[in-house]
Structure formats: structure tokens, C-alpha cells
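Me: Hey, can you walk me through this one? I'd like to start with the ligand.
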Amino acid sequence: MTTFEMERTLVRDAARTAGLLCLAVRDDMLGQPESMAKAGDEPVTIADFGAQAVILDAIARHCPEDGVYAEESAADYDALASELQRSHVVHYVGRAMGRNVSTDDIRRYLDHGRGVDSGRMWAIDPIDGTKGFLRGDQFAVAIGLLIESRLAVAALACPMMPFNSTQSEGEWGVVFVAVRGQGATVEPLQGGAARPLHVSGAQEMAKVRVVESVESRHTDHAFSAGVMAHASIGGETVRIDSQAKYGAVADGRAEVYIRHSPDRTRHERIWDHAAGALIILEAGGMATDLDGQPLDFGHGMRLAKNRGVLATNGLIHQALLGAIQHVEAQSGR
Ligand code: AMP
Ligand code: MG
């Protein structure tokens with residue numbers, strides 16, 4: 001049996017380096033990074049390109065044969081970034097790697113493994129929650145390794161999340177890491193000892209807490225409110241960007257993450273869920289779609305066989321699925 005020691009170190013270090021790069025970009029831009037608009041009106045920044053470049057450089061060095069599904073591309077780097085912005089990416093990536101790199105190196109890193117079909121595929125979102133990153137709120141660097149379409153290793157850096165949920169000051173930022181069958185941990189982004197991750201044991205609906213997207217274009221807030229009402233959920237609902245939501249449930253800071261796109265024809269992208277799903281599973285929780293089907297990562301860059309996402313501490317999963325069914329039946333789905 002492989003222990004994935006090399007991959008575990010790779011994802012943790014790459015997520016950390018990419019997360020720190022994002023923070024450096026934001027600090028240098030005095031908290032107001034500028035964005036460019038991609039197709040579909042989704043924002044992208046020089047930090048998205050920089051973070052993807054450092055992650056894929058690490059994968060190219062350690063696992064050169066593997067295939068990659070990653071959100072950003074060399075084509076967008078060329079088409080959307082100005083010459084000045086491209087040079088900024090070169091600067092931040094060079095600084096993160098501690099060596100000189102060129103614009104051509106960046107293009108090569110960005111597209112490394114694209115189109116390669118392998119039994120080992122990486123799902124990468126260099127900045128998940130770019131809208132949160134731009135607002136100064138939560139965002140995540142997400143890296144997941146799929147082996148024969150099954151989640152194997154994952155890391156999620158959340159640079160805006162405190163190490164302890166009760167912590168109000170001090171250094172923020174965490175890295176969640178999981179390996180299938182070996183559990184999940186969380187450690188400070190700036191370095192320090194890891195602790196094991198466990199979902200909460202809460203089952204009393206009056207105390208159950210929920211996390212969902214900030215963006216009403218990404219999730220149907222009225223739908224989740226209906227589900228919570230039907231399930232008599234009484235705890236707080238917190239809206240946060242990115243897969244930090246999976247981290248929050250995996251670390252027992254909430255019990256439910258629910259996602260149902262207002263665009264009912266849309267299938268989720270795998271890099272928005274791969275890392276988070278393994279982390280929650282290895283922390284003892286559950287992640288399925290809204291029908292209770294396991295998330296199926298075997299259909300390219302989309303979760304083509306799934307509808308929405310429900311991630312919980314496991315204990316209340318069935319109750320939530322029941323409430324979802326009820327709310328959908330009422331709305332005439
Ligand atoms: P979140 O931060 O949880 O709101 O999710 C951010 C992710 O939402 C991005 O990485 C996008 O891939 C994804 N996204 C973009 N448009 C939509 C949409 N219409 N429905 C659901 N997710 C979307
Ligand atoms: Mg994303």
C-alpha cells in the first residue's frame with residue numbers, strides 16, 4: 001500500500017506557498033487587488049495566475065507524468081493580463097520560488113499537464129473564491145489528487161481563517177491536509193504544529209450551524225433557508241466564500257454546507273470540491289450531492305453526474321437529505 005508521503009508533502013507545501021503568494025499580492029496592493037474579467041464574467045487576478053504557476057511547477061517537478069485539471073490557463077494569462085500584470089506574476093512567482101523565472105516559464109507552468117489523460121489527475125483551484133479574495137474575505141487554495149477518479153490526497157490553504165475558531169487575534173491562516181485512509185489535519189499557514197481534524201458531534205437540530213456561499217449567483221439562498229426551516233435547524237448561518245466552508249465543517253465550526261446553484265443546469269467544477277470533499281471525509285464527515293449520491297469525480301472537469309452539494313458531520317446527513325427532498329417536492333421539482 002502506498003502511503004502518499006511525497007504527495008502529502010507536495011500538496012501541503014504548494015498550498016502554503018501559493019497562499020502566502022496571494023497574501024503578498026494583496027498586501028502590496030494595499031488590500032485592493034485589481035481583477036480582470038474572464039469568460040462568464042468571473043474575476044481573475046495576478047494572484048490566481050501566480051498561485052497556479054507555483055503549484056504546477058511543484059507538480060511538474062515531482063510528478064511530471066500526471067494529468068491536470070486547473071482553473072487558469074496560459075491563454076488567459078496572455079489574453080487578459082497586460083504586460084505590466086504579466087511582469088507582476090513573474091515577480092511574485094520568482095520570489096515564491098527563490099529563483100528567476102521568465103514569462104515563458106509562467107506560461108509553461110500554467111498549462112503543465114493540461115490535456116494529459118492519466119490514472120493520476122490533479123484538480124486545482126489556485127484561488128477558490130476569487131470574489132472573496134477581492135473583498136478581503138475568505139478564499140482558498142485547493143489542490144486534490146484523484147487516482148482512477150478516486151480522491152487520494154488533498155490540501156486546502158485558507159489564509160484568512162484563524163487556526164482556532166475561538167481565536168480573535170494573532171496570526172491567521174491555516175492549511176488543511178488529508179490523505180485517504182489516514183485522516184485529516186490542520187496547521188497554521190505560517191508554520192507550526194498540526195492538529196487532527198474532526199467534525200462536530202452535534203445532532204440536536206436547534207444547535208446545528210450552516211455555512212453557504214456569499215454569492216447569490218453561486219447558491220440559492222432561499223432554497224437553503226427552506227431546507228433549514230423544514231429541518232428545524234436553529235444554529236447560526238454563516239456565509240463564507242470558497243472551500244473554507246468544507247474546512248469549517250471538517251473542523252467542527254459548523255455542521256452543514258449546502259450548495260444548490262440558481263442555474264439548475266449547471267454542474268459543479270471538480271476543482272471547487274475535490275480538496276474539500278476529501279478533507280471532510282477524512283475528518284469523519286460526509287459529502288454527497290442533493291440526492292445523496294456520492295460526488296463522482298470520474299467525468300472530466302465537471303461533476304456531471306451530480307446535482308448540488310451537501311456536506312455535513314455525517315450524523316445529520318439523512319435528516320438534511322429528507323428536508324431537501326421535501327422542499328424540492330413542494331417547489332414542484
Ligand atoms: P463560493 O466561493 O463557494 O461562492 O464558490 C466559488 C466558486 O463558484 C467559483 O470557483 C466558481 O467555479 C463557482 N461558480 C461560478 N459560477 C457559479 C454558478 N452560477 N453556480 C455555482 N457555482 C458557481
Ligand atoms: Mg473556485
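Me: What does Asp 272 have within polar reach on ligand 1?
Reply: A polar side-chain atom of Asp 272 lies 2.6 Å from an oxygen atom of ligand 1. That's a polar contact, meaning a pair of N or O atoms within 3.5 Å. This is a predicted model, where local features need pLDDT of at least 70, side-chain atom pairs count only at 80 or more, and totals for chains, interfaces and linings use all residues. Residues are numbered from 1 along each chain as written, chains are lettered from A and ligands numbered from 1 in written order, and side-chain values use heavy atoms, without hydrogens and water.

Me: And what does Arg 266 reach on ligand 1?
Reply: A nitrogen atom of ligand 1, 3.2 Å from a polar side-chain atom of Arg 266.

Me: How much of ligand 1 does the protein cover?
Reply: The cover is 92% of the 510 Å² of accessible area that ligand 1 has on its own (Shrake-Rupley method, 1.4 Å probe).

Me: OK, new topic: the metal. Which residues hold the protein donors for the magnesium ion, ligand 2?
Reply: Asp 125, Asp 128 and Asp 272, each through OD, at 1.9 to 2.4 Å. Donors here are N, O and S atoms within 2.8 Å of the metal (3.2 Å for Na, K and Ca); water is not among the atoms, so sites may look incomplete.

Me: How are those donor residues spaced in sequence?
Reply: The pattern is D-x2-D-x143-D.

Me: Are Asp 125 and Asp 128 buried or exposed?
Reply: Both are buried, which means under 20% relative accessible area, with exposed being over 50% (1.4 Å probe, protein chains only).

How values were computed. Polar contact = N/O pair within 3.5 Å; in protein donor to acceptor, adjacent residues only side chain to side chain.
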